[in-house]
Amino acid sequence: MIEYVSNKGGHHRVDFETAVLNGRPPDGGLYVPIDLPQISLDQLRSWKHLKYTDLAYEVLSLFIDRSVVPSEDLKTILEKSFDTFFHFEKIPFHSLSSCPGVHIQELFHGPTLSFKDVAMGFVVNLFDFFLRRKGKTMTIAVATSGDTGPAATFAAKGKPSIDVWALYPEGFITEEQERQMTTIMDDNVFPVRVLGCPNGSDDLDELITSLFADKALKDALNLSSVNSLNWGRIMMQTVHYFYGYLQMVDEVGELLNFAVPAGAFGNLCAGTLAREMGLPVGKFILANNQNSCLDRMFRVGIYQKEDIIPCPSSAIDISIPINFWRYLYFITGKDGEKVKGWMEEAESTGRVVFDKETHNIFRRGFITTSISDEKTLDTIQQIYRAEGYLLDPHAAVSVAAALDFVKDIEKGSQILCLATAHPSKFPEIICRALGSDKVPPEGMHPSIEAAKNICQKVYECHYANMHDSIPETIKMVAQKKHKFINA
Ligand SMILES: *Cc1c(COP(=O)(O)O)cnc(C)c1O
C-alpha cells in the first residue's frame, strides 16, 4: 500500500485517492508519499524508447496502487488527458542552433498553451474518475497567476461532477489568458476577476486558504483545489523530467542539467523528486524573474516574502514558493517537525532564517539566478533574430539563465531549458521584445485568435471586500444549483 502523509509530520496517513481529493492535509501541510520510489539505471534504460504517455503510465504506477486506480483506468485517464494536446508528440524538443549544448523542452502544446496543462488535465480527469465512482460532486477553487486558471477551467468544463471557480488578479494576467477562462460557456465554470490586488495571485492564494479554513463551507461544497499544493500535480510533473532526460542523453547514466523558470517551485519540486528517485541530474538552474525570493534563499539561506514586481514573465510573479517545503521534507530526512516549524514561521512572519546545515543541504545541485526584464526581452529578440525561434517570456527566463551558466557546467554536459508557455499568450511582450507592432506568425495560435470573437462571461469583485463577496457568491451559486451537500 502506497501511503501519503503530511510534510508537517504527524500520524495521519491516507491513500492516494484521499491525498489527491483532499488537496491538503488537515494540518495545513502538503501531502507527500511516505517513501519515494527508487529507480535503477537499468529500469531507466528499459524506458528509453517509450512515448510520453507510456512513460507517464510507468512513472505514475510507482505512486498509485492498482487497487486505487486499476491499470486500465489509469491508461484511459492518461489518454483522455493528452488527447487534447495540439502536438502529436505531446512534449516535443527543439535544439537551439545558435547556442550549442542548450535545448528546449516544449511543455506548452496543451489545450491552454502552458505547462500547467501537462498535469492539470490528468488531475481533473482523475478527480472526475474518483467522484463518479463515489457518486459525489465537488467544487474546485483556484487562484491563478495566469495559466493555472485557464488549464483548470478547460480541464473541468462540461464535467457534471465538478464546478470550478478561477480567481484572477486584474492587471496581473494578459487579456489572452483572461479570455481563455471567460469565453468558456459551460455552466460549471466560474471565472472571477478581482480588481485592485496589491500582490497579484499571492493575495488570491490567501483568500483560497481562508475558504478552506471555513470548515462548514468546505464540507458543504466538498471544496478542493488543483493548484500545485495538490500532490497529483507534482507527481505528474516528475514525468517530463524523466522524459526529457531519456530523449536527450545518448547513454543512460550521463548527467543532464535542467533550467527552469521558477514561481511556486512546483515544477522544480517535481524535478528534485525525480532526482531523489534516481534520475541522473547534474544541476538544476533555478531562474527567477525580478521576484527573486527563491534565488535569494538559495544564495543566502534566508526566505523573505516580498511585494510583487510585475514582470513580463507574469506567471512566475510569486513570492510564496509553497512547494519548496515539500522538497525540504525529503532532503532533511523527512523531519516533519522541523518543516512544520519553518512553514509556520513563513506563514506568520514572512521570514525564515535557515541554519547553516540545512542551507548547505538544500542548495546542493542548484545554480540560481534572477533575470531582469531587460534581459528577458533581449533573449527573446536574440534567439528570434538568430534562428527564427520565438520564446515566450518564461522560456526566455530559463534560456537566459542557461546561457549565463553554460560555460560553468561540466564540459560536454547539456542543458535542457523548460519552455513553459506559448508566446501567443503574451503578444504585447513579444512586440516589445522584437520592437515591432505586429506579432510574427510564430507568436500566434488559432485557439487564441478564436477566443477574441466571443463575449466574456465573468464575475467581478474588488480586493477590498473579496473576503466577504467571494464566499457569499460561491454559496449562492451552489444553492441555486442544489450543490450544497449538507444544506
Ligand atoms: C506556473 C508557471 C511557471 C512556474 O511554475 P511553478 O511550478 O509555480 O514554479 C512557469 N512558467 C509558466 C508559464 C507557468 O504558467
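Select the ligand and Gly-263. An oxygen atom of the ligand is 2.8 Å from a polar backbone atom of Gly-263. Such a polar contact is a pair of N or O atoms within 3.5 Å. This is a predicted model, in which local features need pLDDT of at least 70 and side-chain atom pairs count only at pLDDT 80 or more, while totals for chains, interfaces and linings use all residues. Residues are numbered from 1 along each chain as its sequence is written, and side-chain values use heavy atoms, without hydrogens and water.

Next, show the whole shell. It has 15 residues around the ligand, and Lys-116, Asp-147, Ala-264, Asn-267 and Thr-420 are the closest. By class, 8 are nonpolar, 5 polar and 2 charged. Here Ala, Val, Leu, Ile, Met, Phe, Trp, Tyr, Cys and Pro count as nonpolar, Asp, Glu, Lys and Arg as charged, and the others, Gly among them, as polar.

Switch to the cartoon view. Find the open sheet of 6 strands, ordered S3-S4-S14-S9-S10-S13 with mixed pairing. Strands are DSSP runs of E, at least two residues, and helices are runs of H or I, at least four. Two strands pair if DSSP finds at least two bridges between them. Strand S3 (93–95) and strand S13 (366–370) stand at the edges with a single partner strand each, so one side of each has no neighbour in the sheet.

Select S9 (residues 256–261) and S14 (residues 415–419). They pair in the parallel sense over 3 bridges. Ala-259 has Cys-417 in S14 as its bridge partner.

Move to the other open sheet. Its 5 strands run S8-S5-S6-S7-S15, with parallel pairing. Which strands stand at the edges? They are strand S8 (223–224) and strand S15 (459–462).

Select S5 (residues 138–143) and S6 (residues 162–169). These pair in the parallel sense over 6 bridges. Met-138 stands opposite Ile-162 in S6.

Conventions: A residue is near a molecule or strand if one of its heavy atoms lies within 4 Å of it. A polar contact is a pair of N or O atoms within 3.5 Å; within protein, one must be able to donate a hydrogen and the other to accept it, and residues adjacent in sequence count only if both atoms are side-chain atoms.
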